[in-house]
Amino acid sequence: MCMASDALRRGAPFRVWLILIAAALVGPCVSAPDAAERRTSRPDHQDWHVVSVASLLPAAACKAPKASASNSSALNVVHRQGPCSPLQARGAPPPHAELLNDDQARVDSIHRKIAAAASPVLDQARGKKGVTLPAQRGISLGTGNYVVSMGLGTPARDMTVVFDTGSDLSWVQCTPCSDCYEQKDPLFDPARSSTYSAVPCASPECQGLDSRSCSRDKKCRYEVVYGDQSQTDGALARDTLTLTQSDVLPGFVFGCGEQDTGLFGRADGLVGLGREKVSLSSQAASKYGAGFSYCLPSSPSAAGYLSLGGPAPANARFTAMETRHDSPSFYYVRLVGVKVAGRTVRVSPIVFSAAGTVIDSGTVITRLPPRVYAALRSAFARSMGRYGYKRAPALSILDTCYDFTGHTTVRIPSVALVFAGGAAVGLDFSGVLYVAKVSQACLAFAPNGDGADAGIIGNTQQKTLAVVYDVARQKIGFGANGCS
């Protein structure tokens, strides 16, 4: 009856209206997408994505990286397991279920870290004295999915490291190493760098670490234990960090790992972009300004960027960066709503604000409060039901999956995240579905196990967005088409 209804609205003659009714009785009415809709549409302008099924899976070869950021410090960002990665993973990548299970381990680590940090603050607020710090205060989050390459030392040695907004201390594996995991590149040798120096125990950088000790010669030692029981242990040091050939950061404080175990994916180490003073972004603030931005590519076969400082894109929509004294390292925003196919999902705002929302580059799948996720899933499934797509089995933590076998194109409802201040951020198609294979494409969201746990905006939902961390002005922005 769609065409008949349109005819009535246009005031068509009664005879034409009867013909259209007869045509509607012959078969169901499904409007054909126009030329703009045949491309992957921008969800802030369109309520639906229309996508070729052939484009759902990443290409086997790397697409040429594009210089997308104007700042000279911009580094290429690639997925560590994709064809663009300099790590050149051997054999097939890990199964999707394994990656998603690891993602849950990271989320659990974030929630434990928040709870552990909150305990002393809550006890102090309640007037308790003699509070004992948590026994595992040094536990961090585990490695992320995206890597950058930068130079360390003089002369500079190229290092490929995971970048992580949920970690503060940067580190690489160093020689001599008593227990190191296998990495692609040779270990960093401090003896071959003319600008390397150890950090004394009495220094502010050492005193600010979560877990530290002193060597016999009064040099600072660090230890970080990750949520998946990976760990790094070594000397805190300074050296020159080279971002590009003409852009260096002297005296960069980092960890020189001598005992490192775990699943770091052959990366040379990690670069932390958290809010503490020892993170790369904090150390570089005096030169580039307090803040950074990045864009994560839509596919493992493409490249994005990481940039320190620099201007925000003109189309960026900003929301306030919330400060949480119980979790000073994380970047918090206030999520207040979700839209599916242009319509707001009905959930009380109180449900969103219970524990706050962290934006994290290392978590893959966005976690929502259980009631919010249930409403999102219901609205999404109802919209997908209009086209009769076959349901597929659940995939690990993802419970709403579809089989697109036999389809040439698919129509997927848009999803937008609404933040405090009115910033509505439409997600790219790659941020709506997690596609393991054509026969198993899943809604890329999952519920927290407890409504009191913090929500997390994962990197799948951040794909193709220019994500701007304006620390100086205490706000976070999102710009569409950030990688292009």
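By buried I mean a residue with under 20% relative accessible area. With that cut-off, buried residues make up 51% of the 484 residues in the protein chain of this predicted model.

Let me begin with the overall composition. The protein chain contains 9 helices and 31 strands. Its accessible surface comes to about 21,800 Å², and carbon and sulfur atoms hold 53% of that area. As for contacts with a separation of 6 or more, 71% of them join residues 24 or more positions apart.

The largest nonpolar core has 78 residues, and within it Phe163 and Phe404 touch the most other members. Helix α8, residues 370-384, supplies the largest share of this core, with 7 residues.

Not counting residues up to four places away in sequence, Phe163 touches Val77, Tyr146, Val148, Val271, Leu273, Tyr294, Leu296, Leu306 and Ser361.

Next, the annotated positions. The unreviewed UniProt entry places the feature "active site" at Asp164 and Asp360. These two positions are spread over 197 residues of sequence, yet they cluster in space, with a largest C-alpha distance of 7.7 Å.

In which elements are they found? Asp164 belongs to strand β5, residues 157-164. Asp360, by contrast, sits in the loop between β19 (357-359) and β20 (366-368).

Are these residues buried or exposed? Asp164 has a relative accessible area of 0%, which is under the 20% cut-off, so Asp164 is buried. Asp360 stands at 1% relative accessibility and therefore also counts as buried.

What surrounds Asp360? Leaving aside neighbours within four places in sequence, Asp360 is in contact with Asp164 itself, and also with Arg106, Ile110, Thr165, Gly166, Ile456, Ile457, Gly458, Asn459 and Gln462.

I shall close with the strands around β4. Why may strand β4, residues 146-152, be described as largely enclosed by the rest of the structure? The reason is that 6 of its 7 residues are buried.

With strand β2, residues 75-79, β4 pairs in the antiparallel sense over 2 bridges. Here Val78 stands opposite Val147 in β4.

With β5, the strand that holds Asp164, β4 also runs antiparallel, and 6 bridges join the two. Within this pairing, Gly151 stands opposite Asp158 in β5. The hairpin of β4 and β5 has 4 residues between the strands, and Gly153 takes a positive phi near 90° there.

Finally, β4 pairs with strand β10, residues 231-244, in the antiparallel sense over 2 bridges. The bridge partner of Leu152 in β10 is Leu241.

To draw the parts together: β4 is joined by 6 bridges to β5, and β5 carries Asp164. Asp164 in turn is in contact with Asp360, and UniProt, in an unreviewed entry, gives both aspartates as "active site".

Key
Residues are numbered from 1 along each chain as its sequence is written. This is a predicted model: local features need pLDDT of at least 70, side-chain atom pairs count only at pLDDT 80 or more; totals for chains, interfaces and linings use all residues. Side-chain values use heavy atoms; hydrogens and water are left out. A nonpolar core is a set of buried Ala, Val, Leu, Ile, Met, Phe, Trp, Tyr and Cys residues joined through side-chain atoms within 4.5 Å. Buried means under 20% relative accessible area, exposed over 50%, partly exposed in between (1.4 Å probe, protein chains only). Contact means heavy atoms within 4.5 Å. UniProt positions are given in the numbering used here, feature names are shortened, and annotations may be inferred rather than shown by experiment. Accessible areas come from the Shrake-Rupley method with a 1.4 Å probe; for residues, only the protein chains shown count as cover. Two strands pair if DSSP finds at least two bridges between them.
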